[in-house]
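Morning, everyone. Please look at the screen. I will take the helix contacts, then the rings, then the overall picture.

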Amino acid sequence: MLHSQHGQPDTSAYPPFTSRLYGQGITASYGEMCYHDNSLVSASLEALIQHLVPTVDYYPDRSYVFTFLLSSRLFLHPYELMTRVCHLCVEQQRSGDVLLDKIRFREVAPKLVQLLTEWTETFPYDFRDERMMRCLKDMTQHVARGDEYSWRAMQQMTQRLIKRLSALGQYEEAVAALNAVAEERPTSLKNKQAAVQRSDILSVCDDAFILAQQLTHVELDRLSFIGPEEFIQTFALKDPMENHKGFFRKRKTSNLEAYISWFNRLSFLVATEICMPAKKKQRARIIEFFIDVAQECFNIGNFNSLMAIITGMNMNPVSRLKKTWSKVNTDKFEILEHQMDPSSNFSNYRTALRGATQRSETAHSSQEKIVIPFFSLLIKDIYFLNEGCASRLPNGHINFEKLWELAKQVSEFLVWRQVICPFDRDRRVLQYLVTTPVLTEDELHLASFESEGPENNMEKDSRRSLRWVIPHILTNTA
C-alpha cells in the first residue's frame, strides 16, 4: 500500500491511476485524487472525505488528518463532516451478515476512536456545538456494542474533551471579569489630588526583566486558549453557520479576538503610563523603563509584547512629547524599532523570528523554547495566503496545495502555543497589567496636551475641544 507522509492512498480503493511528467516531477491521479511527487495536490471534496475514513487496513496520515480537519470548514461545517465520516466508517463494514459485520466493526473501531481522539484533542472547540457532542455520544453507544476496549477509550476521550471545554469556559469568564474591572473609570482620572496617589507601573514593578516575564505569562496564557481553527474561521468568505444561531457561531473566534484586544490594551497601557505623570522627569523615566522592558521581551522571544510596547510609544500623544523625549537616550529604542520595521514585509522581524524558532527547536532550557510571534502579522500572513490562492480549481477540485500551506503555518503556531511559561508568577504585577484602567485615545491626547502644551493652533483647538468632551479628565501641569 502506498502511504506517503502526505497521505498517499491505498490504490486498491481507486480505478487504475494515470501519470505524466510535470515540470521536474511526476503527477499521478488515483480516481478523484491528484498527486505530484507523492504529495496530494488536489481532489474532489467527496474523495477527501473518503480519504479521512479509516478502514481495517488503512488509517490516514496524521498530517493529512490535521490539514483536512483544519481547512475542511471552508467547504462544510464540522458537524456535517463528522456525520459523514462516522456514517461511512460504519457503512463500509456492512456485509449483510450480522455476525460478520460485528467482527469487522470491532476491527475498525480502534481506528475510528483514534481519529475522533485526534479531532477532539486538536479541535476541541468544534464540540461546543451540541450536535457534535450528540454525534460523539451516538458513536460511543455504537462502539459499545462492538468493542469494550474502544468503548472505554471513547469514554476517556470524552472526559478529556469535557475538561478542556470546561477550562475554556472558565477562561472566557475570567477574561470577561478582568475586562469589566479594567473598564471601570478610576478616580485617579477625575481629579488632580487622586492622581498624586495613583499607582504607576514603576511603583508596582521597577525591574524590566520581571515585567517582561509577567507579560510573557499573559501572552502564553492567552495563546494557549486560541483554537487552530479560529485562524480559518476568521477569514472564511462564507459563514458555514449562517443559518444556525447557536453557541458555536457566537464564539467561533472569540479567543483570537480577545488576544488581539490584549495587544491593543498593552499599547494603550504603555501610552497611559507615559502621559499621566505631571513631571517631565518621571515621564522620561517611564519611557526609558519601557524601552528596557521591550529589550527584555525581544531577548525572551516575546515579539507580541515587544511590538505592543513600540506601538504604544509611537502613538501620537506620546511621540509629540518632545521635551520629555529630549531627556531620553533613544539609541536602544531605535534599534528595537529597526528590528520591527514594517518595510520589506517585516524582513528584519522575520529574520529574528526564524532565529528564535531555531533556538526553540534546539532548546536546552524551557526559557529558550519561548516564541511568541507578532500575532497580527501572523493573522495577515494566513489571510493573504488564503486570498492569494483559489480554494477550488477550475475542474471543481479542492486546491490541497493551498491547504498544506495553511496547515504548515497554523501547526507552527501550535508548537509555540504549547510552551509552558517557566517564570515565577508575580500576582500583583499580573493584576496590574490586566486590570488597571487605561486612557482612551481622546483622553490620551488631552493628557498629553496637559503634560506639554499645544505647539500650534491646530493643537490648541484640539485641546479646547477635548476639554469640552472630557470635562473630568485629569489636568496635569508640566
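Helix 3 passes helix 5 in a left-handed crossing. Left-handed means the near helix is turned anticlockwise from the far one by less than a right angle; clockwise would be right-handed. Helix 3 covers residues 78-91, and helix 5 covers residues 130-144. A helix here is a DSSP run of H or I with at least four residues; a strand is a run of E with at least two; both are numbered from the N terminus.

Before I go on, two notes on the source. This is a predicted model: local features need pLDDT of at least 70, side-chain atom pairs count only at pLDDT 80 or more, and totals for chains, interfaces and linings use all residues. Residues are numbered from 1 along each chain as its sequence is written, and side-chain values use heavy atoms, with hydrogens and water left out.

Back to helix 3 and helix 5. They pack at an angle of about 15°, with their axes 9 Å apart. Axes are lines fitted to C-alpha atoms, for helices over the stretch in contact, and angles run from 0 to 180 degrees between N-to-C directions. Helix 3 and helix 5 are therefore roughly parallel to each other. The cut-offs: under 35 degrees is roughly parallel, over 145 roughly antiparallel, 65 to 115 roughly perpendicular, and the rest oblique.

Who makes the contact, meaning heavy atoms within 4.5 Å? Helix 3 brings Pro78, Tyr79, Met82, Thr83, Cys86 and Val90. Helix 5 brings Arg131, Met132, Cys135, Leu136, Met139 and His142. By class, that contact of helix 3 with helix 5 has nine nonpolar, two polar and one charged residues. Nonpolar covers Ala, Val, Leu, Ile, Met, Phe, Trp, Tyr, Cys and Pro; charged covers Asp, Glu, Lys and Arg; the others, Gly among them, are polar.

Next, helix 1 (residues 45-52) and helix 2 (residues 62-71). Their axes come within 10 Å and cross at roughly 135°. That makes helix 1 oblique to helix 2. This crossing is left-handed. Leu45, Leu48, Ile49, His51 and Leu52 in helix 1 meet Tyr64, Val65, Phe68 and Leu69 in helix 2. That contact divides into eight nonpolar residues, one polar and no charged.

Now the rings. Rings of Phe, Tyr and Trp (its six-membered ring) pair if their centres lie within 6.5 Å; planes under 30 degrees apart are stacked, over 60 edge-to-face, and the rest tilted. The count comes to 19 aromatic pairs. Take Tyr259 and Phe375: edge-to-face, 4.7 Å centre to centre, 90° between the planes. Tyr259 sits in helix 12 (residues 254-275) and Phe375 in helix 19 (residues 375-388), 116 residues apart.

Are Tyr259 and Phe375 buried or exposed? Both are buried. Buried means under 20% relative accessible area, exposed over 50%, partly exposed in between, with a 1.4 Å probe and protein chains only.

Compare Tyr383 and Phe384. Their ring centres are 5.4 Å apart and their planes at 75°, so this pair is edge-to-face. Tyr383 is partly exposed at 35%, and Phe384 is exposed at 54%. There is also one aromatic cluster of Phe263, Phe298, Phe303, Phe346, Tyr349 and Phe374.

Last, the overall picture. The protein has 23 helices and five strands. Of its 478 residues, 51% count as buried. Among contacts between residues at least 6 apart in sequence, 74% join residues at least 24 apart. Thanks, that is my part.

Conventions. Contact = heavy atoms within 4.5 Å.
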